[in-house]
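Thank you all for coming. I would like to walk you slowly through one protein model, and I ask you to keep the picture in view while I talk.

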Amino acid sequence: MSSLCVSSSAATAIATLSSASLSRSSSPSLSYSYTFNPLRYSIGRCGIRSTVKSKTSNTNAGFRVSCYAPAPLTPPNLQWISTVSSVVLILAKGTAVPKSYIVPLFALQAPAGVVAWIKGRYGVWAAFLALLVRLFFYIPGELELPFLALLLVMVAPYEAMKLRDTKEGAIISVLIAAYLAFQHFSRTSLRQSFDQGSIVATLAVICITLSSLLLLI
């Protein structure tokens, strides 16, 4: 008798759960249908966004990935291009440009991380060691210009450093870059500018000019 009672109670519980599930599935407000459509995928880097289809709202279902390509010519990237090109132009041969003009151009267009490093503790130590070497050894002019650029950024007043990332500073950079390009291409012919001995300096001048123009725009 006890086994029959237990089985009948179990059957009653199963019937109760079945009716509850049927009533819940018949309720439109609690029913959600998740579907996945692989055709709605678009490859990207920003993340996956999912939507839910409800019987009452008739919204589209599926997962979608939004894709946004990063812009390669952002101002920090242009500043890095200009800085690396300035250092290459300082050390390159086969050009007659006045390289002292590259020093203020470096101070105006160096990335913020480079300026912070120069004005920090490591920059002070680098300038101190370079000054000691300069006192006791002969340094060629090409190697002396990076040291002067380091000192110029370190001792520049706040009002002068405020020109960075402004239209006024960008205009000054464009004028310096245009002057360097004029001096480089006017003293050598176009064919000689792309010879083996001058092509590095020519590419550096072109990169400096284009990055300065793009930073102004």
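Predicted model: local features only at pLDDT ≥ 70, side-chain atom pairs only at ≥ 80, totals over all residues.

Residues are numbered from 1 along each chain as its sequence is written, and side-chain values use heavy atoms, with hydrogens and water left out.

The protein has 10 helices and four strands, where a helix is a DSSP run of H or I with at least four residues, a strand is a run of E with at least two, and both are numbered from the N terminus. Read along the sequence, the order is α-β-β-β-β-α-α-α-α-α-α-α-α-α. Of its 217 residues, 29% count as buried, and here buried means under 20% relative accessible area, exposed means over 50%, and partly exposed lies in between, with a 1.4 Å probe and protein chains only. The protein exposes about 14500 Å², of which carbon and sulfur atoms supply 69%; these areas come from the Shrake-Rupley method with a 1.4 Å probe, and for residues only the protein chains shown count as cover. If we take contacts between residues at least 6 apart in sequence, 62% of them join residues at least 24 apart, a contact being heavy atoms within 4.5 Å.

Let me turn to what the record says. UniProt, in an unreviewed entry, places the feature "transmembrane region" at residues 145–161, 168–185 and 197–216; its positions are given in the numbering used here, feature names are shortened, and annotations may be inferred rather than shown by experiment. In the model, residues 168–185 are 100% helix and 0% strand, with the end C-alpha atoms 26 Å apart. Residues 197–216, for their part, are 90% helix and 0% strand, and there the end C-alpha atoms lie 31 Å apart.

Which helices do the buried residues of H10 pack against? They pack against H2, helix H3 (102–109), H8 and H9. Among the buried residues of H10 are Ala-201, Ala-204, Val-205 and Ile-208. H10 itself has 18 residues and reaches 26 Å from its first C-alpha to its last, close to the 26 Å expected at 1.5 Å a residue, the expected span being 1.5 Å times one less than the number of residues.

Ser-198 counts as buried because its relative accessible area is 11%. Although Ser-198 and Gly-94 are 104 residues apart in sequence, their C-alpha atoms are 4.5 Å apart in space. Not counting residues up to four places away in sequence, Ser-198 touches Lys-93, Gly-94, His-184, Gln-192 and Ser-193.

Gln-79 is buried, since its relative accessible area is 9%, and its contacts, beyond four places in sequence, include Gln-109, Asp-165 and Leu-215. Ile-90 is also buried, at 6%, and, leaving aside neighbours within four places, is in contact with Lys-99, Ile-102, Glu-142, Leu-145 and Pro-146.

Asp-165, one of the partners of Gln-79, lies in the loop between helix H7 (158–161) and helix H8 (167–187). Is Asp-165 buried or exposed? Asp-165 is exposed, because its relative accessible area is 64%; moreover, Asp-165 has a positive phi of about 60° although it is not a glycine.

Finally, consider charge. Side chains of opposite charge can pair when their charged atoms come close. The count comes to one salt bridge, defined as a side-chain nitrogen of Lys or Arg within 4 Å of a carboxyl oxygen of Asp or Glu. That bridge joins the side chains of Glu-144 and Arg-134, at 2.4 Å from N to O, and the pair links Glu-144 in helix H6 (residues 141–155) with Arg-134 in helix H5, 10 residues apart. Glu-144 is partly exposed, at 22% relative accessibility, and Arg-134 is partly exposed too, at 35%.

Also in helix H5 (residues 121–136) is Leu-135, which counts as exposed because its relative accessibility is 59%.
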